Every structure is written in structure tokens, then in C-alpha cells.
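Please keep the 3D view open as you read the numbered points.

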Amino acid sequence: MTMPRTFVVAVSAALLGLCAGCTNDGTTAAANDATATAKAIPLTIKSANGAHVFQVELAQSAAEQERGLMYRRNLADDFGMLFWPYPAGGGAPREASFWMKNTPSPLDIIFIRADGTIARIAENAVPFDTTPISSGEPVGAVLEIRGGRSSELGIAEGDKVSWDHSAG
């Protein structure tokens with residue numbers, strides 16, 4: 001049985017439409033550009049040399065926190081992802097463990113205590129590495145930013161992090 005030519009053309013066009021924007025790693029082009037993501041909120045880190053403002057995407061559900069910045073490229077200097085509340089869904093702060101599976105860009109992983117102070121910074125986490133990176137103590141939030149950015153800005157352990165807790 002042969003298909004009518006118009007049917008074959010219509011199906012081909014539909015399939016091409018579904019694949020528009022796909023990349024060879026199975027993600028969409030938007031997923032690789034951190035500026036084309038969900039609504040961002042401002043987050044401020046007050047360090048010894050001043051305040052540093054980031055626009056952060058919230059990862060609040062377990063699925064969002066599991067995915068994190070996987071597959072993302074081209075992270076802007078002022079972009080980040082805030083895993084809050086941590087753990088997903090709330091509850092008492094707990095020790096966090098992150099990895100870089102499927103993450104092509106180096107990241108600074110900033111572990112934030114429940115009082116908003118930085119407990120630990122894992123600088124320049126290695127892309128695609130599956131070695132666990134631990135907070136070393138219970139935390140209430142985790143921030144991921146472009147690798148090396150903490151050092152560039154003079155952000156250090158003990159600095160204060162703040163954001164609108166009613167967002168999201």
C-alpha cells in the first residue's frame with residue numbers, strides 16, 4: 001500500500017516541526033542557553049567588597065533539583081540557579097550532595113545555611129564529573145553560578161545571601 005504524497009509531506013513537515021530547535025545531545029537550543037529559561041528572581045550576595053546581584057532560576061521540586069543546570073551552556077555572569085527550599089518540598093536543613101553529571105559548564109556550587117550565610121563554596125566543579133560534592137554540613141539552599149565567578153567577585157564562606165523567600 002502506498003501513502004498519498006500529501007500525507008507523506010504533511011507527516012514530514014510535522015516531524016520537522018517537532019525537531020525544530022533540537023540539538024544532537026537531545027536537548028533543545030533553549031535548554032542550552034540559560035537566558036532562555038523560566039522566570040528568574042534577584043538574589044544578592046553581600047561580601048567584603050560589596051553586594052553582588054544575580055538573576056536566579058528557582059529549582060524547587062525534586063525533578064527540578066535533580067535536573068539542575070544539566071545540559072546548560074553559555075551561562076551569563078549574573079545568572080544562577082537556586083535550589084530552594086533544600087531539600088525539595090521543605091523540611092529541616094540537611095547535608096547536600098551534588099554532582100556534575102550531564103553538566104557541560106564548570107560551576108561554582110555555593111552551599112547556604114538556613115541563616116543565609118555561605119557554608120562552603122565548591123569552586124569550578126568539573127563538567128560531567130559524577131564524584132559527589134558535599135556541603136559538609138546541613139544547608140537550606142544551594143546556589144549554582146558560572147565556574148570561577150565566586151573568586152572573581154571575592155565571594156567567600158560566611159558571606160550573606162538573600163532573596164525574596166515568597167518568590168516561586
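1. A word on burial to begin with: a residue is called buried when its relative accessible area is under 20%, and exposed when that value is over 50%. Please also keep in mind that this is a predicted model. With that cut-off, F98 counts as buried because its relative accessibility is 9%. F83 is buried too, at 1% relative accessibility.

2. How many aromatic pairs are there? The count comes to four. One of them joins F83 and F98, whose ring centres lie 4.9 Å apart; the planes meet at 85°, so this pair is edge-to-face. An angle over 60 degrees is what that label asks for. The two partners come from distant parts of the chain, with F83 in strand 3 (residues 79–83) and F98 in strand 4 (residues 94–98), 15 residues apart.

3. Next, have a look at W84 and W163, an edge-to-face aromatic pair with 5.7 Å from centre to centre and 75° between the planes. This pair also links distant parts of the chain: W84 sits in the loop between strand 3 and strand 4, while W163 belongs to strand 9 (residues 160–163), 79 residues away. Are these two tryptophans buried or exposed? Both W84 and W163 are buried.

4. Now to the largest pocket, which holds about 290 Å³ of space. Its lining is made of 19 residues, and those closest to the pocket centre are Q65, E66, F83, S97 and F98. Helix 2 (62–67) and strand 4 are the elements that each give two or more residues to this lining. Helix 2 has the largest share, with four residues. Sorted by class, the lining of the largest pocket has eleven nonpolar, four polar and four charged residues.

5. Seven strands make up an open sheet with mixed pairing, in the order 6-5-8-3-2-1-9. Which strands stand at the edges? They are strand 6 (118–125) and strand 9; each has a single partner strand, so one side of each is left without a neighbour in the sheet. On average, neighbouring strands of this sheet are turned by 30° against each other, direction ignored.

6. Within the sheet, strand 2 (residues 50–59) and strand 3 run parallel and are joined by five bridges. To see an example, go to V56, whose bridge partner in strand 3 is G80.

Terms used. Residues are numbered from 1 along each chain as its sequence is written. This is a predicted model: local features need pLDDT of at least 70, side-chain atom pairs count only at pLDDT 80 or more; totals for chains, interfaces and linings use all residues. Side-chain values use heavy atoms; hydrogens and water are left out. Rings of Phe, Tyr and Trp (its six-membered ring) pair if their centres lie within 6.5 Å; planes under 30 degrees apart count as stacked, over 60 as edge-to-face and the rest as tilted. Buried means under 20% relative accessible area, exposed over 50%, partly exposed in between (1.4 Å probe, protein chains only). On a 1 Å grid over the protein atoms alone, a cavity is a set of points where a 1.4 Å probe fits but cannot get out, and a pocket is an open set with protein on both sides within 12 Å along at least five of seven lines; lining residues have an atom within 4 Å of a point. Grid points are joined across faces, edges and corners, and a volume is the space filled by probe spheres set on the points. Ala, Val, Leu, Ile, Met, Phe, Trp, Tyr, Cys and Pro count as nonpolar, Asp, Glu, Lys and Arg as charged, and the others, Gly among them, as polar. Two strands pair if DSSP finds at least two bridges between them. Axes are lines fitted to C-alpha atoms, for helices over the stretch in contact, and angles run from 0 to 180 degrees between N-to-C directions.
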